[in-house]
Amino acid sequence: MSKKLIKIAVPNKGALSGAAATLFKEAGYPQRSDSKELVLRCVEEGVEFYYLRPRDIAVYVGEGTLDLGITGRDMLIDSGANAEEIMQLGFGRSKFRFAGPVADMDIPDLDGKRIATSYPGLLEKFLEEKGISARLIHLDGAVESSIQLGVADAIADVVETGTTLRKAGLHVFGEPILFSEAILIKPSDSKLDSANGFFEHLMQRISGVLVARDYALMDYDIPEGLLDDAIKLTPGLEAPTISPLSKDGWVAVRSMVPSVKTQKLMDDLYDLGARAIIVTDLRACRL
């Protein structure tokens with residue numbers, strides 16, 4: 001009996017589109033070559049990709065029309081869809097924050113005010129938790145002009161660097177409403193994880209790519225007498241691989257290390273007495 005193909009939603013445009021397609025390519029799944037292509041079927045890999053508007057993905061997944069999807073955490077919460085986050089994907093990170101015309105505003109000051117936003121569902125939930133009653137002005141796209149045009153008293157929007165807000169004469173205030181990033185989602189009542197072997201392989205592949213992006217393979221030679229100190233620097237995910245060298249009293253060590261720490265580790269290992277230190281990027285792995 002053939003297994004059911006997994007239907008996966010991929011953003012068709014916007015900030016998440018290219019990174020999502022790259023993730024699947026690195027995980028061994030082909031992606032469309034024509035931006036007008038709406039569906040890509042990969043029978044051998046057990047998947048079907050559907051290219052949809054990022055804001056619609058949570059709705060399709062939540063209704064059970066599609067099995068999985070990549071969207072932003074902010075879009076999932078805003079949609080109110082019956083879907084849940086199952087994996088953080090490490091790209092498309094942003095903050096969702098308030099901004100207003102004066103620097104000394106605070107969140108309690110929003111009570112009774114008008115707030116312009118493109119994410120009314122997300123914002124309504126946040127304000128309800130804070131016990132704040134405000135009128136939400138739903139605008140599609142940029143909301144920075146709403147205060148100047150007299151439509152709103154404050155805005156709630158995605159903030160990356162804050163440059164756009166400063167140019168509009170606005171000041172960020174209060175705690176962040178949400179820290180968002182690209183996530184993998186599935187229907188809240190989905191049984192796909194226990195019913196389809198393709199799902200297990202897909203999750204392993206994606207996890208392997210994400211780990212490979214965060215780690216590198218480090219090889220070096222070290223005198224045996226210094227091995228214990230070297231292992232403390234590079235313990236690896238489980239344990240390093242240690243092999244004897246033809247050079248008497250020396251061993252070769254191989255270990256996975258965090259990518260962001262490679263240069264510092266090379267300095268420390270060299271100062272300790274290690275030589276022939278090599279760092280190799282990873283493409284994928286299984287843990």
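Which residue forms a salt bridge with Arg114?

## Basis of the model

This is a predicted model, in which local features need pLDDT of at least 70, side-chain atom pairs count only at pLDDT 80 or more, and totals for chains, interfaces and linings use all residues. Residues are numbered from 1 along each chain as its sequence is written, and side-chain values use heavy atoms, with hydrogens and water left out.

## Salt bridges

The partner of Arg114 is Asp153, with the closest N and O atoms 3.2 Å apart. A salt bridge here is a side-chain nitrogen of Lys or Arg within 4 Å of a carboxyl oxygen of Asp or Glu. By this rule there are twelve salt bridges.

Another salt bridge joins Arg213 and Glu26 (3.1 Å, N to O). Arg213 belongs to helix α7 and Glu26 to helix α1, 187 residues apart; helices are DSSP runs of H or I with at least four residues, numbered from the N terminus.

## Nonpolar core

A nonpolar core is a set of buried Ala, Val, Leu, Ile, Met, Phe, Trp, Tyr and Cys residues joined through side-chain atoms within 4.5 Å. Buried means under 20% relative accessible area, exposed over 50%, and partly exposed in between (1.4 Å probe, protein chains only). The largest such core has 47 residues, and Phe98 is one of those with the most contacts inside it. Helix α7 (residues 197–214) supplies its largest share, seven residues.

Phe199 is also found in helix α7. Phe199 counts as buried because its relative accessibility is 8%.

Key
Helices (H or I, at least four residues) and strands (E, at least two) are DSSP runs, numbered from the N terminus.
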